[in-house]
Amino acid sequence: MIISIASGKGGTGKTTIAVNLAFTIPNCQLLDCDVEEPNDHIFIKPDIIDKIPVFIPVPEVDLSKCDFCGKCAQVCAYNAIAALKKKILVFPELCHGCGACSYLCPKEAIKEVNKEIGSVEIGEKDGLQFVHGRLNISEAMSPPVIKAVKRYINPTRTVIIDAPPGTSCPVIEAVKESDFCILVTEPTPFGLYDLMLAVEVLRKINIPFGVVINRSDIGNDKTDIYCKEENIPVLMKIPFKKEIAKIYSKGEIIIEALPEYKKDFNGLFDKIKRMRKQG
Ligand code: SF4
Ligand code: SF4
């Protein structure tokens, strides 16, 4: 089973849920797909055993073959290549590596060269398999790195995917193919607005989901009311507690520092399994 953890906005406690659930579930694998800012490793402290670079193919133009017809620039949906009178400009930072320009160049003047945009690191901690991706600084293309992380999904384990925050392409890349998604939110007006956007996305891509309300005793009850009206299960609530904030700030795992929370995370996993069975 693949369970992704997502949130409409950053800072809601997505990492807390991901790492604590990963240590709760037996025979688990944790993939940190928040590749612009992976931080699960701070809590897991894995022994990294392998590091693999991630490349995307970007075009390189052979001007001796090019007749400057401009077809490459016309087909590029990302404005990553421009044809001038006697020059072709490539903007690798905008290139999505789709290959359309080289495929459609009538003069076969474009070849693809690999550009390193990030890396995948693989590790282990106390039986928990761990994989995360890192997008290089100044790179904008996180989906290929997310895809590269997901290639290491171990089908013999329960897989937790920590998705990037928000509701754009990288989130969809991370959560698609999940059997269930946990949306982490907080009961504030911003939290609710972003939750509603995330709900819309998950309904569109047809992934079953439930909500975890973090810092549940701050803010208002509008998130509860919304979930009730929309028939969305609230799977767990975590109240705001100074001791939890302290544990988080020290890079520690809640269920290890405060074992009384273990039953809550076990309960969360049981609810997901039940919901999956009910289909
Ligand atoms: S499509 Fe090929 S031949 Fe035409 S401008 Fe681009 S690189 Fe040159
Ligand atoms: S590979 Fe795709 S995104 Fe990159 S320049 Fe060519 S057409 Fe544009």
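This is a predicted model: local features need pLDDT of at least 70, side-chain atom pairs count only at pLDDT 80 or more; totals for chains, interfaces and linings use all residues.

Colleague: Which residues come nearest to ligand 1?

Modeller: Ligand 1 has 14 residues around it, and the nearest are Cys66, Cys69, Lys71, Cys72 and Cys105. By class, this shell comprises 10 nonpolar residues, one polar residue and three charged residues.

Colleague: Let us step back to the whole chain. What does its secondary structure come to?

Modeller: The chain contains 11 helices and 11 strands. Its C-alpha atoms fill a box of roughly 70 × 45 × 35 Å along the principal axes. Of its 279 residues, 43% count as buried. Among contacts between residues at least 6 apart in sequence, 73% join residues at least 24 apart.

Colleague: Which domains does the domain assignment give?

Modeller: The assignment gives domain 1 (2-54 + 118-278) and domain 2 (63-108). The C-alpha centres of the two domains lie 39 Å apart.

Colleague: How should I read a nonpolar core, and which residues touch the most other members in the largest one?

Modeller: The general idea is that nonpolar side chains tend to be buried together in soluble globular proteins. Here, the largest nonpolar core has 74 residues, of which Ile5, Ala22, Leu30, Ile160, Ile161, Ile182 and Leu183 touch the most other members. Helix H1 (residues 14-24) gives the most to this core, namely six residues. The core lies between domain 1 and domain 2, because both give residues to it.

Colleague: With which residues is Ile161 in contact, leaving aside its neighbours within four places in sequence?

Modeller: Ile161 is in contact with Ile2, Ser4, Ile5, Leu31, Cys33, Ala174, Val175 and Ser178.

Colleague: Is helix H1 mostly covered or mostly open?

Modeller: H1 is mostly covered, with 11 of its 11 residues buried. Among them are Lys14, Asn20 and Phe23.

Colleague: May we turn to strands? How do the residues of strand S7 point?

Modeller: In a regular strand the side chains alternate between the two faces of the sheet. In S7, Leu128, Phe130, His132 and Arg134 point one way, while Gln129, Val131, Gly133 and Leu135 point the other way. Strand S7 (residues 128-135) is mostly covered, since eight of its eight residues are buried.

Colleague: Do strand S2 and S7 run parallel or antiparallel?

Modeller: Strand S2 (residues 28-32) and S7 run parallel, joined by four bridges. Leu30 has Phe130 as its bridge partner in S7.

Colleague: In which sense do strand S6 and S7 pair?

Modeller: Strand S6 (residues 110-125) pairs with S7 in the antiparallel sense, over eight bridges. The bridge partner of Val120 in S7 is Gly133. S6 and S7 form a hairpin with two residues between them, and Asp126 in the turn has a positive phi of about 45°.

Colleague: Why does Ile117 count as buried?

Modeller: A residue is buried if 20 or more other C-beta atoms lie within 10 Å of its own. Ile117 counts as buried because it has 26 C-beta neighbours inside 10 Å. This residue lies in strand S6. Leaving aside neighbours within four places in sequence, its contacts include Val54, Phe55, Leu135 and Met141. From Ile117 to Arg134 is 17 residues in sequence and 8.7 Å in space, C-alpha to C-alpha.

Colleague: Is Arg215 buried or exposed?

Modeller: Arg215 is buried, with 20 other C-beta atoms within 10 Å. Although it is not a glycine, Arg215 has a positive phi of about 50°. Its place is in the loop between S10 and helix H8 (222-229).

Terms used. Residues are numbered from 1 along each chain as its sequence is written. Chains are lettered from A and ligands numbered from 1 in the order in which they are written. A nonpolar core is a set of buried Ala, Val, Leu, Ile, Met, Phe, Trp, Tyr and Cys residues joined through C-beta atoms within 7 Å. A residue is buried if 20 or more other C-beta atoms lie within 10 Å of its own, exposed if 12 or fewer, and partly exposed in between; C-beta atoms are placed from the backbone. Domain bounds come from an automatic or database domain assignment. Two residues are in contact if their C-beta atoms, placed from the backbone, lie within 7 Å. A residue is near a molecule or strand if its C-beta atom, placed from the backbone, lies within 6 Å of it. Ala, Val, Leu, Ile, Met, Phe, Trp, Tyr, Cys and Pro count as nonpolar, Asp, Glu, Lys and Arg as charged, and the others, Gly among them, as polar. Two strands pair if DSSP finds at least two bridges between them.
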